[in-house]
Each structure stands twice: as structure tokens, then as C-alpha cells.
Amino acid sequence: MLYQAELHPACDLLTSIGQIGTRTGRPELKVLIIRAMRGSFATVLNCMDGRIQVPVILHLLDRFGVEYIDTITEAGIVRCLSDEIDSPQTESTLHSILISIEKHGSRQIAIVAHDDCAGNPIPAEMQQDQVRVSVMWLKEHFPHCEILGLWVDADLQVQEIAQS
Ligand SMILES: [Zn+2]
């Protein structure tokens with residue numbers, strides 16, 4: 001027997017279910033918590049590069065003090081948000097940010113660029129300028145959110161280079 005036990009207050013996803021077990025020989029309520037469906041969220045706009053996913057998520061879990069990081073990826077995403085504002089990629093990114101904010105309650109957003117980016121092959125200084133432009137652009141669109149700009153160097157060290 002399965003039943004729905006509760007709904008997360010911040011979203012409409014099923015957060016826990018229960019079932020009747022018979023381990024003790026009599027009906028017993030066993031509630032299974034699906035932890036992945038509840039908790040606190042922040043948002044990251046990251047390049048799709050597989051090398052930087054784990055370092056960035058670990059940094060942000062600690063930095064923002066949340067349980068989960070909603071991860072929106074695009075090759076060289078910082079280029080889209082600084083130089084290609086009207087692109088379909090930027091529109092898709094905005095749509096995903098809104099879901100993270102409205103459905104997961106995120107109030108913190110990070111934007112990331114990194115060394116040796118195949119999707120945005122320009123010098124580090126120019127990428128870091130794009131991060132700063134993107135942070136300002138994100139703050140204009142999401143003024144109630146804390147915005148962070150990150151740079152991941154060749155040693156996969158995460159550095160904070162902008163904040164708003
Ligand atoms: Zn990249």
C-alpha cells in the first residue's frame with residue numbers, strides 16, 4: 001500500500017511516500033523520505049566542461065550553505081550572457097533560472113568561466129571581464145538574488161572574481 005504523505009511547501013513535487021510493512025508481524029508504517037525532492041537550492045550557470053563540474057558544485061555548496069546546486073550548462077556560457085544576450089541559448093538559460101527560482105526557491109546564482117574553455121577560446125582576462133558583465137546583467141534581471149562570478153583556473157581552483 002502506497003500513499004502520498006506530504007508535499008514540499010516550496011514546490012509541487014512529491015517529497016515522501018509511506019508504505020505498510022509487516023516486519024514485526026503487525027501492520028507497521030514505514031515512511032520513506034525521498035531527500036532528493038526537498039531541501040535548499042542555489043543555481044549555477046556553468047560551462048558544460050566536465051572538469052569543472054565537481055569543483056564548482058563543492059565550492060558553492062559550502063559558499064551558499066545550501067543542500068543542492070541546480071546546474072544550467074552551455075558551452076562557454078559566460079559568452080552567451082555577456083555578448084549574445086538575444087541568442088536562443090540565453091533565452092533557454094533564463095527559462096532554467098526562473099524554474100530554479102520559482103520551483104526550488106533559489107536566491108543565489110553563480111556564473112562561471114574557466115581556463116582552457118573550448119566553448120569560449122579567448123584569453124583569461126577577457127573571459128573574466130565577461131564574468132563581470134554577466135554578474136551585472138544577472139543582477140539587473142534578478143535583483144533579489146545574490147550573484148557571484150567565479151573563475152576556475154588551470155589547477156581547478158575556484159576563485160571568486162565578482163559579486164553583486
Ligand atoms: Zn568551457
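Colleague: What span should helix α3 (residues 88-104) have, and how far apart are its end C-alpha atoms?

Modeller: This is a predicted model. Helix α3 has 17 residues, and at 1.5 Å a residue they should span 24 Å. The expected span is 1.5 Å times one less than the number of residues. The end C-alpha atoms of α3 are 23 Å apart, which agrees.

Colleague: How do you know where the buried residues of α3 lie around its axis?

Modeller: Start with the list. T93, I97, S100 and H104 are the buried residues of α3. Now look down the axis of α3. These buried residues fall within an arc of 85°, so they line one face of the helix. An α-helix has 3.6 residues a turn, so residues three or four places apart point the same way.

Colleague: Which residues are exposed on the other side of α3?

Modeller: P88, E91, H95 and E102 are exposed there. The buried residues of α3 have cover, and β4, β5, α2 and β6 are among the elements that provide it. Just after α3 comes G105, with a positive phi of about 70°.

Colleague: What makes you say that the buried residues of α4 line one face or several?

Modeller: The buried residues of α4 are Q127, Q130, V131, S134, V135 and L138. Down the axis of α4, they fall within an arc of 145°, so they line one face. The face turned away from that buried side carries the exposed residues E125, M126 and E140. Cover for the buried residues of α4 includes α2 (77-83), β6, β7 and β8.

Colleague: Why are β5 and β8 said to stand at the edges of the sheet?

Modeller: First, the order. 5 strands form an open sheet, β5-β4-β6-β7-β8, and the pairing is mixed. β5 (68-73) and β8 (158-163) each have a single partner strand, so one side of each is left without a neighbour in the sheet. Neighbouring strands of this sheet are turned by 30° against each other on average, direction ignored.

Colleague: Which helix packs on the sheet, and which strands does it touch?

Modeller: That is α1 (residues 53-64). Helix α1 touches β4 (41-46), β5, β6 (108-114), β7 and β8. The direction of α1 makes about 145° with that of β4.

Colleague: How do you know that β7 (residues 146-152) and β8 pair?

Modeller: Two strands pair if at least two bridges are found between them. β7 and β8 have 5 bridges, in the antiparallel sense. G149 stands opposite A162 in β8. W151 stands opposite Q159 in β8.

Colleague: Why is L156 called partly exposed?

Modeller: L156 has 13 other C-beta atoms within 10 Å. Exposed means 12 or fewer, and buried means 20 or more. The value for L156 falls in between, so L156 is partly exposed.

Colleague: What makes D116 count as exposed?

Modeller: D116 has 12 C-beta neighbours inside 10 Å. The limit is 12 or fewer, so D116 counts as exposed. D116 lies in the loop between β6 and α4. D116 also has a positive phi, about 60°, although it is not a glycine.

Colleague: Why is G39 called partly exposed?

Modeller: G39 has 14 other C-beta atoms within 10 Å. G39 sits in the loop between β3 (28-33) and β4. G39 and E67 are 28 residues apart in sequence, but 6.1 Å apart in space, C-alpha to C-alpha.

Colleague: Which residues of the largest nonpolar core touch the most other members?

Modeller: Of its 30 residues, V44, L45, V56, L60, A110, I111 and V112 do. β4, α1, α2, β6, α4 and β7 give two or more residues each. β6 gives the most, with 5 residues. Leaving aside neighbours within four places in sequence, L60 is in contact with A42, V44, I69 and A110.

How values were computed: Residues are numbered from 1 along each chain as its sequence is written. This is a predicted model: local features need pLDDT of at least 70, side-chain atom pairs count only at pLDDT 80 or more; totals for chains, interfaces and linings use all residues. Helices (H or I, at least four residues) and strands (E, at least two) are DSSP runs, numbered from the N terminus. Axes are lines fitted to C-alpha atoms, for helices over the stretch in contact, and angles run from 0 to 180 degrees between N-to-C directions. Two residues are in contact if their C-beta atoms, placed from the backbone, lie within 7 Å. The arc is that of the directions from the helix axis to the C-beta atoms. A nonpolar core is a set of buried Ala, Val, Leu, Ile, Met, Phe, Trp, Tyr and Cys residues joined through C-beta atoms within 7 Å.
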